Amino acid sequence: MTFKFAALNLFIGLLLALLMRRSGNTSALAPALAHRAVTADGIDTDMYLPHVAKPVRAAFVVLVRNSELVGMKKAMRQIEDRFNGKFNYPYVFLNDVPFTDEFKAETTAMTKANITFGEVPQEHWSYPEWINQTYAGECRQQMQEQGVFYALSESYRHMCRFNSGFFFRHPLLDDIDYYWRIEPDVEYSCDIDYDPFLLMQRKGIKYGYTIALHEYPETIPTLWDTAKAFVKSNPGFVRHLAGYSWLSNDGGETYNGCHFWSNFEIGSLAFFRSPEYLAYFDYLDRAGGFFYERWGDAPVHAIAAALMLQKEEVHWFEDIGYYHNPWSNCPLSPESRLRCHCDPAKSAVHHYWASCTQKWLALPDNNTTLPAGVE
Ligand SMILES: Nc1nc2c(ncn2[C@@H]2O[C@H](COP(=O)(O)OP(=O)(O)OP(=O)(O)O)[C@@H](O)[C@H]2O)c(=O)[nH]1
Ligand SMILES: [Mg+2]
């Protein structure tokens, strides 16, 4: 009897072990059989652990003032909750003055990701020697009388010039290929379950945006003519002829103000570091419009992107819910209602002033025709 029971027990034990092995349930076998966790992009999630080298050399790049700490924390909280808590891309903070210990401690506490703080070199935030500062002061007064936003601000002009021509040269970005620009007080209203940097790298996208608007013409009276003069002496700069029909409604004669709103940008640094872009920026900088007018980095970037990049190298992140006062981008699809808290009816894309997005999407894929009137 005892022997029979022992044999039966042994048999049942062997049967159970076999069944558990088939279902992958034995603890000794689990690691070998378990699937490794991957993201929606098919990347091993371990690659997104904090302080591990990421599949793309990329970072959030933030130019910000110490006084904007609270707004910065609000923006970071949303970036972290909606995206970066899973992806852990590093942050690079830049400032024209040293960051306070309070700023550093409180922003560092918002994320597990790596975070570095740098100062803008003085030569990237000051008047070049060819600028007549007395005349620049007179121009500011004149713009103030015209009611132009930030007409009197010198720091706003240094900020626009820095974002147009220098941010990508900062040593803290030396090991970075893609940047994602954020500003204090912006809002991110949708979960982002994939890696936008990886999308850009895999698809060869050089510039990503959420909202495309018309610029205030009073801030850029001579920008278009200056850009055209540059192109005339550097015709190889234009690789996307159809870009003219996005920038101009009269065959290139005048600029219609269309630009990608640069407070949100996900971009390739190689694009800005290219000899062509650097020559373009240098030409604009010598013309003085950053100080004698109030050229924004958004139209400066956009003119270059529209003319240098192919249609498909510029990507509308339609699926990224985003708000910077007073405009928002909010995806429409029923699927996005489950991961967003924004109102799609208020998305800028439905508004005339922001119709530059539709205009880009309507450009021909075929890059052969030059609109009438453009030389
Ligand atoms: N360190 C530093 N950052 C600045 C300065 N001026 C602007 N910035 C930053 O540059 C970015 C753009 O400046 P904003 O003042 O937001 O300009 P804007 O988006 O055109 O204007 P708003 O509609 O007022 O937001 C923001 O991230 C600011 O924090 C400055 O003088 N010093
Ligand atoms: Mg802003």
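Reply: First, a definition: a residue is near a molecule or strand if its C-beta atom, placed from the backbone, lies within 6 Å of it. This is a predicted model, where local features need pLDDT of at least 70, side-chain atom pairs count only at pLDDT 80 or more, and totals for chains, interfaces and linings use all residues. Residues are numbered from 1 along each chain as its sequence is written, while chains are lettered from A and ligands numbered from 1 in the order in which they are written.

Me: Which helix gives the most to the shell around ligand 1?
Reply: The residues around ligand 1 include Arg65, Glu68, Ser155, Tyr156, Met159 and Asn263. Helices (H or I, at least four residues) and strands (E, at least two) are DSSP runs, numbered from the N terminus. With 3 residues in the shell, the top contributor is helix H6 (residues 154–165).

Me: How many residues of the shell around ligand 1 are charged?
Reply: Ala, Val, Leu, Ile, Met, Phe, Trp, Tyr, Cys and Pro count as nonpolar, Asp, Glu, Lys and Arg as charged, and the others, Gly among them, as polar. The shell has 5 nonpolar and 3 polar residues. The charged count is 4.

Me: Are the residues of strand S9 (residues 265–268) buried or exposed?
Reply: Take one face at a time. Glu265 and Gly267 lie on one side. Ile266 and Ser268 lie on the other. Both faces are covered, and these four residues are buried.

Me: Which residue of S9 is the bridge partner of Arg181?
Reply: Two strands pair if DSSP finds at least two bridges between them. Strand S4 (residues 178–181) runs antiparallel to S9, joined by 4 bridges. Strand S6 (residues 207–209) also pairs with S9 in the antiparallel sense, over 2 bridges. For Arg181, the partner in S9 is Glu265.

Me: Which strands stand at the edges of the open sheet of 3 strands?
Reply: The order is S5-S11-S12, with antiparallel pairing. Each edge strand has a single partner strand, so one side of each is left without a neighbour in the sheet. The edges are strand S5 (187–188) and strand S12 (327–329).

Conventions. A residue is buried if 20 or more other C-beta atoms lie within 10 Å of its own, exposed if 12 or fewer, and partly exposed in between; C-beta atoms are placed from the backbone.
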